[in-house]
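Subject: Structure handover

Hello,

Here is the structure you asked about. My notes on it follow below.

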Amino acid sequence: MAGVGVSGELSVEASQMEANLVLLKKDGSQKTVPLPSSVTVIGRRHGCDLLIQLPTISRRHCEISQNGEFLKVRDLDSTWGTFVNGQRVKGEKAIKAGDSVRIGPLTFVCQIGGKPEKITPPRPAKPAAKAKPAKAAVDDLTEGLEDSFADLDASDSVIAFDESDSDLEDLSAV
């Protein structure tokens, strides 16, 4: 039966599966972020289950839901989009173990029930025949984000960022 443990953490039985997002950091290291409930809302607004305070993350950017057998990601009409394996999510999309999920400048790999055991970065997308001006603007914006993380406050979130990480790519449980 589903339930919440004494510590307030959702038990594995309640979510029917052990599901994590594994953050791939620029330095090659990884950080595992457990999905805290059957529906995890990701965004930059306080109250989101996974708080990512970056300008390219919408207030309520996307949500990941669990159904005991599979995961689904749904974009919540974000400005910059949510991508699974390099493809923009329109509406909702099923995701499986090993799929990459890109939210703003951050790339995660989906891990379900400990699979895949070894997390590898997704293969780079094939370059487009012609570079689009909008892509260049996005690249310029995400490159400039590295210096804008000192004033983050995610203290009331289920997941918080480590402010000492200048890349803001280290997530930690509260």
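Let me start with a histidine. His61 is buried, because its relative accessible area is 0%, under the 20% cut-off. Please keep in mind that this is a predicted model.

His61 sits in the loop between strand 4 (50–51) and strand 5. What does the side chain of His61 make a polar contact with? The partner is the side chain of Thr82, at 3.4 Å. A polar atom of the His61 side chain also lies 3.0 Å from the backbone nitrogen of Ser58. Leaving out residues up to four places away in sequence, His61 touches Ile42, Gly43, Thr56, Asp75, Leu76, Ser78, Gly81, Thr82, Ile103 and Gly104.

Now the core. In soluble globular proteins, nonpolar side chains tend to be buried together. Here the largest nonpolar core has 24 residues. Which of them touch the most other members? They are Ile42, Ile52, Ile64, Leu71 and Ile95. At least two residues of this core come from each of these strands: strand 1 (19–24), strand 5 (62–66), strand 6 (71–75), strand 10 (100–103) and strand 11 (106–112). Strand 11 gives the largest share, four residues.

Next, the backbone. Most residues other than glycine have a negative phi, and most peptide bonds are trans.

- Pro116 is in the loop between strand 11 and helix 2 (133–143).
- Asp77: phi is positive, about 60°, although Asp77 is not a glycine. The loop between strand 6 and strand 7 (82–84) holds Asp77. Asp77 counts as exposed, because its relative accessibility is 75%, and exposed means over 50%.
- Asn85: phi is positive here too, at about 50°, and Asn85 is not a glycine. Asn85 belongs to the loop between strand 7 and strand 8 (87–88). Is Asn85 buried, exposed or partly exposed? Its relative accessibility is 40%, so Asn85 counts as partly exposed.

On to the cysteines. How many disulfides are there? The count is zero. Cys48 is in no disulfide, and the nearest cysteine sulfur belongs to Cys62, 9.3 Å away. Cys48 has a relative accessible area of 5%, so Cys48 is buried. Cys110 is at 0% relative accessibility, so Cys110 counts as buried.

Last, the totals for the chain:

- Secondary structure: two helices and 13 strands.
- Burial: 40% of the 174 residues count as buried.
- Contacts: among those with a separation of 6 or more, 39% are between residues 24 or more positions apart.
- Surface: the chain exposes about 10,200 Å², and carbon and sulfur atoms supply 50% of that area.

Best wishes

Terms used. Residues are numbered from 1 along each chain as its sequence is written. This is a predicted model: local features need pLDDT of at least 70, side-chain atom pairs count only at pLDDT 80 or more; totals for chains, interfaces and linings use all residues. Side-chain values use heavy atoms; hydrogens and water are left out. A nonpolar core is a set of buried Ala, Val, Leu, Ile, Met, Phe, Trp, Tyr and Cys residues joined through side-chain atoms within 4.5 Å. Buried means under 20% relative accessible area, exposed over 50%, partly exposed in between (1.4 Å probe, protein chains only). A polar contact is a pair of N or O atoms within 3.5 Å; within protein, one must be able to donate a hydrogen and the other to accept it, and residues adjacent in sequence count only if both atoms are side-chain atoms. Contact means heavy atoms within 4.5 Å. A disulfide is a pair of cysteine sulfur atoms within 2.5 Å. Accessible areas come from the Shrake-Rupley method with a 1.4 Å probe; for residues, only the protein chains shown count as cover.
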